[in-house]
Amino acid sequence: MLRLRPTGTQAMARGAWHGGVAGGVLLGVAATAHAAGLVADRCCRAVARTPDGLLWWRVAALGLALVAAGAAVGALCGLALGRSVGVDVDDVGIHPVPRRAGELLPWRRVADVRTERRGARIVIAVDVAGVTTRLRAPYDGWFLARDPEFEEKLFMLRNLWETHRSFNLP
């Protein structure tokens, strides 16, 4: 059985991206709450006589901290959970992971295995009865989405397809 999963770097980078976006959403919520707290801050400034510039530095520091913390937590979650998705390939066909009933792609139904460009990534696409399905892994891209073994995984997948497919396609 061939197990195709994202690399550790890919899972971590994807988790960091999603965590950074979540941190940005938290920043929006915090900015809204902070805007509501401006009235209280004005009252405190009137009492403590703090300069106006300190308020904006606190907002910027809070925003940077939220996005950085979200990216860090997302990277750890991506490393822990991101490698649990992908595909398993065996003599029967392609099994998406996590497995769900009815999602097996048997080799006799697969008409083509090819690569496609999706944005900055190169993904493996499987053509089943005229419908193209993109596999969750493996994929290749630039910077942290790079998979040094992508070509080897693609070759093994195509080799299994060529070996087990039937030429009696409908």
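Guide: We may begin with Asp88, which lies in strand E2; strands, runs of at least two residues, and helices, runs of at least four (H or I), are taken from DSSP and numbered from the N terminus. The model is predicted, so local features need pLDDT of at least 70 and side-chain atom pairs pLDDT 80 or more, while totals for chains, interfaces and linings use all residues. Residues are numbered from 1 along each chain as its sequence is written, and side-chain values use heavy atoms, without hydrogens and water.

Visitor: Why does Asp88 count as buried?
Guide: Buried means under 20% relative accessible area, exposed means over 50%, and partly exposed lies in between (1.4 Å probe, protein chains only). Asp88 has 6% relative accessibility, and therefore counts as buried.

Visitor: Which parts of the chain does the pair tie together?
Guide: Arg5 lies in the loop between strand E1 (2–4) and helix H1 (8–36), whereas Asp88 is in strand E2 (residues 86–89), so the pair ties together parts 83 residues apart in sequence.

Visitor: What else does Asp88 touch?
Guide: Contact means heavy atoms within 4.5 Å. Leaving out residues up to four places away in sequence, Asp88 touches several residues, among them Met1, Gly93, His95 and Arg99.

Visitor: How many salt bridges does the structure hold?
Guide: The structure holds 7 salt bridges. One of them joins the side chains of Arg114 and Asp112 at 3.3 Å, N to O. At 26% relative accessibility, Arg114 counts as partly exposed, and Asp112, at 26%, is also classed as partly exposed. Salt bridges with shared partners join Asp112, Arg114, Glu116 and Arg118 into one network.

Visitor: Which strands make up the open sheet?
Guide: The sheet has 4 strands in the order E1-E2-E3-E4, with antiparallel pairing. Two strands pair if DSSP finds at least two bridges between them. E2 and strand E3 (residues 93–97) are joined by 4 bridges, so they count as paired.

Visitor: Why is one side of E1 and of strand E4 (105–106) left without a neighbour in the sheet?
Guide: Both stand at the edges, each with a single partner strand, so one side of each has no neighbour in the sheet. Helix H4 packs on the sheet, touching E1, E2 and E3.

Visitor: What makes up the largest nonpolar core?
Guide: A nonpolar core is a set of buried Ala, Val, Leu, Ile, Met, Phe, Trp, Tyr and Cys residues joined through side-chain atoms within 4.5 Å. The largest has 17 residues, and those touching the most other members include Val89, Ile94, Trp107 and Leu157. Its largest share, 4 residues, comes from H4.

Visitor: Is Ala60 buried or partly exposed?
Guide: Ala60 lies in helix H3 (residues 53–81). Its relative accessibility is 43%, so Ala60 counts as partly exposed.

Notes
Salt bridge = Lys/Arg side-chain N within 4 Å of Asp/Glu carboxyl O. Axes fitted to C-alpha atoms, helices over the stretch in contact; angles between N-to-C directions.
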